[in-house]
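Let's walk through this model together, starting with its open spaces and ending with its core. Keep the structure in view as you read.

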Amino acid sequence: MNPEENTRSRGRPKTLDREHVLQTAMMSYWQEGPKEVPIGEICRRAGASKPAVYREFGNDDGLKNAVLDAYRDLMLVPIHEVLESDLPFDQALDALIDIICEDRSVQGVPEGCLFVAMRMQQNTIGDLASAKIDEVHDEMIGKYSAWIERAKSNGQFSRDIPTEVAAYHLCTQSNSAQWLAKTGLSHDLIKGILQLAFASLR
């Protein structure tokens, strides 16, 4: 390489590893809380320049919005797949409990639920991420509701229980279980709590 080419090479901006930044931000928010890790610290941990991160995500709000998309694909889509499967209602409910009570250390991710943590701090984050939180929550309630309606039509779920009530019950209990996992409660105990909480739906 001649001196002129070397100078041009040094002057070119490094390509941002978008996936690495997203994973760094997701794990940081998940482990420590979305409000506790500023974007500058995410840049330091990811080894990325702040201007490059801002060019890619816009701002802190845009980064959190992208993290929520990544988290949905990683942790919530498996739940969606169970809800959309052809499993009998009781088997699907057991599969959901197993997913919620998984030992996260095996997956190399923190305990608890990043979505729940962000929803609890929704009034402290930007408009874009806040809207995404509402979108993800509404999507989950919708999938629970469609699953319950399908079970009702198959005679596997009581028509006496309002669909919306059951959907919110499932969502609330699942979120509570994730919070308990974050506090260090054993997975076996959490599983027993969920089985008891969901017994009325069988």
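**Pockets, core and confidence**

The second largest pocket holds about 200 Å³ of space, a volume being the space filled by probe spheres set on grid points joined across faces, edges and corners. A pocket here is an open set of points on a 1 Å grid over the protein atoms alone, where a 1.4 Å probe fits, with protein on both sides within 12 Å along at least five of seven lines; lining residues have an atom within 4 Å of a point. Sixteen residues line this second pocket, with Cys 113, Ala 117, Met 120, Trp 179 and Lys 182 closest to its centre.

This is a predicted model, where local features need pLDDT of at least 70, side-chain atom pairs count only at pLDDT 80 or more, and totals for chains, interfaces and linings use all residues. Residues are numbered from 1 along each chain as its sequence is written, and side-chain values use heavy atoms, leaving out hydrogens and water.

Now turn to the largest pocket, with about 270 Å³ of space. Of its 21 lining residues, Met 75, Leu 76, Ile 79, Met 140 and Gln 178 lie nearest the centre.

What about confidence? The chain's mean pLDDT (the predictor's confidence in each residue, from 0 to 100) is 91, and 93% of residues reach 70 or more. Over residues 1–12, though, pLDDT stays under 50, and the model has two contacts (heavy atoms within 4.5 Å) beyond four places in sequence for them. Where pLDDT is low, predicted coordinates should not be read in detail.

Finally, look at Leu 63: leaving aside residues up to four places away in sequence, Leu 63 touches Val 21, Leu 22, Ala 25, Tyr 29, Ile 39, Ile 42 and Phe 57.
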